[in-house]
Amino acid sequence: MNRQGFRFRLSLALFGSFLLIGAFAIMLFVYSSRAYQQEITQLMHKELATHVVEEYRFYQGDKPDIESTKETFHNLMYLGANFEFYLLDTSGKILAYSTDPAKIKREKVSLAPIQTYLNTSILDQPIHGQDPRSLTGEKIFSVATIKQNDQVQGYLYVILGSEIYDEIADMVLSSQILQWGLGLLTAGFAFALLSALWITGLITKPLHLLTSQVKTVQQTGLSKQSVQNIQVIERLEQWQEGTQDEVNILGSAFRELLEQLNEQYQNVVTVDELRKELLSHVSHDLRTPLASLLGYLETWELNEGKVSAIESRQYIHIAKKNAHKISLLIEQLFELAYLDSGNVQVNKEHFSIAELIQDVLQKFQIEAQQKQIHLDISPKDSSICVCGDIEKLERVFTNLIENAIRHTPEGGSITVKLINSSGLVSVEVTDTGIGIPEADIPHVFDPHYKAQNSVRENTAHGGLGLAITKKILDLHQSEIAVKSAIGQGTTFEFSLAAKA
């Protein structure tokens with residue numbers, strides 16, 4: 001069984017099924033025909049035994065007249081070779097009969113079917129009684145009670161279907177007409193089988209095609225951007241869309257799946273390359289504060305006891321500051337990796353966005369006062385509500401406000417503006433800072449990118465805040481945009497779904 005194994009097994013199963021169905025149909029036909037014939041025969045001769053009892057006498061007083069009965073049976077044989085007559089006593093014992101004595105196998109027949117027959121007014125199915133010529137066989141019959149002075153003396157038991165009838169029936173079974181009928185029935189089943197096999201071929205042909213395409217993809221692999229892989233995708237275009245045929249639906253689904261897998265693989269490759277590039281840049285960012293940390297610690301260790309307490313505290317302060325910067329950068333790296341994993345749960349709820357922003361501004365109030373930067377939100381309307389993950393959006397506003405404070409000189413201002421319209425709440429975070437060069441604006445959300453005028457030196461800033469902000473807003477199906485001018489400030493804009 002090669003690639004046509006499924007078709008072969010299906011054809012074999014159909015062939016076996018047709019054989020079983022054909023044999024069952026022939027057996028059912030023969031059985032039902034015989035049962036139908038027996039039912040009609042028994043109905044036609046239901047009163048046969050009664051008429052015979054009314055016309056002939058089988059008892060002399062209380063005793064059966066055996067000789068007279070045998071002569072009567074001999075005369076009754078002229079009615080036809082289809083009947084056999086038996087005289088029974090009240091217990092079912094056979095007293096006299098019309099057939100060859102050598103062929104009688106029973107001395108007594110059961111009265112149960114006889115009583116059933118006598119107590120049934122309408123025969124809706126054949127009733128079979130024991131055949132005296134067989135120890136196990138049964139025959140349809142007609143029976144009548146023989147009475148005298150309302151006393152049952154015995155029964156006239158008439159078998160409908162004598163031995164001669166059985167022999168003639170067996171001869172008919174081997175007749176040419178019946179053979180022709182069986183031949184036509186066999187030819188009909190053969191034609192039906194061939195038609196089924198042809199239909200099976202039509203059904204399994206697309207399956208063979210789909211199997212070969214799956215094997216081709218298995219051999220080429222998704223990691224190989226080869227001409228063969230592209231040709232496979234082009235060949236899959238032959239599957240028709242919009243059809244109700246299950247095989248075509250499966251083929252179309254496989255084509256779409258393959259295209260998605262190729263696209264996802266390319267995304268994985270791209271993300272992997274970006275991560276490698278990110279690690280390269282971050283390792284550089286880590287190297288500087290780490291070297292500074294080690295340098296100041298070593299200097300402090302070498303000069304311990306030789307420098308003043310103020311200089312010693314300064315060494316420790318700078319080392320601690322660099323350690324904090326390393327810790328923050330590592331924390332941001334883990335957060336960015338988590339957001340890139342695709343397993344982030346977004347727990348959306350309705351909340352007042354103005355209250356959330358006010359809380360974030362409050363966290364930076366002391367730092368802003370030290371730089372004489374004015375923080376504000378407009379409008380201060382707690383009824384403006386949005387739908388989102390409150391913890392993640394707090395992280396967004398924290399990153400944006402922190403970034404704005406870092407790039408805004410003393411005496412500047414930072415304003416968060418809310419605009420509620422058309423089922424969305426637009427958010428604008430505007431500062432009066434140093435601005436972003438136009439060439440740097442498309443890259444400000446890249447994790448590894450550092451603008452030409454970026455303020456990171458001598459700060460505990462990790463440099464990944466904007467990249468994290470964009471990832472979180474992507475999870476909220478929101479895009480963030482940047483508008484900036486050198487020396488005039490920067491505005492970050494995005495929108496969130498308003499509470500219905």
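This is a predicted model: local features need pLDDT of at least 70, side-chain atom pairs count only at pLDDT 80 or more; totals for chains, interfaces and linings use all residues.
Figure 1. Of its 500 residues, 35% count as buried. If you look at contacts with a separation of 6 or more, residues 24 or more positions apart account for 66% of them.

**Figure 2. A close-up of the largest nonpolar core.** This core has 47 residues, and those that touch the most other members are Ile353, Ile401, Leu418 and Phe494. The elements that give it two or more residues include the helices α9 (309–340), α10 (353–363), α12 (390–407) and α13 (465–475). Strands are on that list too, namely β9 (374–378), β11 (413–421), β12 (424–431) and β14 (489–497). The top contributor is α12, with seven residues.

**Figure 3. The surroundings of leucine 418.** Which residues is leucine 418 in contact with, leaving aside its neighbours within four places in sequence? On the list are Ile353, Ala354 and Ile357, then Ile377, Ser378, Pro379 and Ile384, and finally Val425, Ser426 and Val427.

**Figure 4. The mixed sheet, strand by strand.** Here five strands make an open sheet with mixed pairing, in the order β9-β11-β12-β14-β13. At the edges are β9 and β13 (481–485), each of which pairs on one side only. On average, neighbouring strands are turned by 15 degrees against each other, direction ignored. Helix α12 packs on this sheet and touches β11, β12 and β14, with its direction at about 170 degrees to that of β14. For the parallel pair, follow β9 and β11, which are joined by five bridges; isoleucine 377 stands opposite valine 416 of β11.

Figure 5. How many residues lie between the two strands of the hairpin? There are two, and serine 422 in the turn has a positive phi of about 55 degrees.

**Figure 6. Where α10 meets α12.** The two helices pack with their axes 10 Å apart, at an angle of about 45 degrees. This angle is why α10 is described as oblique to α12. The crossing of α10 past α12 is right-handed. From α10, the contact is made by Ile353, Leu356, Ile357, Val360, Leu361 and Lys363. Facing them from α12 are Ile390, Leu393, Glu394, Phe397, Thr398 and Ile401.

Figure 7. Another open sheet has five strands with antiparallel pairing, in the order β4-β3-β7-β6-β5. Because β4 (94–97) and β5 (128–130) stand at the edges with a single partner strand each, one side of each is left without a neighbour in the sheet. From one strand to the next, the twist averages 40 degrees. The partner of β5 to look for is β6 (residues 138–148), which runs antiparallel to β5 and is joined to it by three bridges. Within this pair, glutamine 130 stands opposite glutamate 138 of β6. Helix α2 (residues 48–55) packs on the sheet, where it touches β3 (83–88), β6 and β7 (151–160). The direction of α2 makes about 35 degrees with that of β6.

Note on methods
Residues are numbered from 1 along each chain as its sequence is written. Side-chain values use heavy atoms; hydrogens and water are left out. A nonpolar core is a set of buried Ala, Val, Leu, Ile, Met, Phe, Trp, Tyr and Cys residues joined through side-chain atoms within 4.5 Å. Buried means under 20% relative accessible area, exposed over 50%, partly exposed in between (1.4 Å probe, protein chains only). Helices (H or I, at least four residues) and strands (E, at least two) are DSSP runs, numbered from the N terminus. Contact means heavy atoms within 4.5 Å. Two strands pair if DSSP finds at least two bridges between them. Axes are lines fitted to C-alpha atoms, for helices over the stretch in contact, and angles run from 0 to 180 degrees between N-to-C directions. Angles under 35 degrees count as roughly parallel, over 145 as roughly antiparallel, 65 to 115 as roughly perpendicular and the rest as oblique. A crossing is left-handed if the near helix is turned anticlockwise from the far one by less than a right angle, and right-handed if clockwise.
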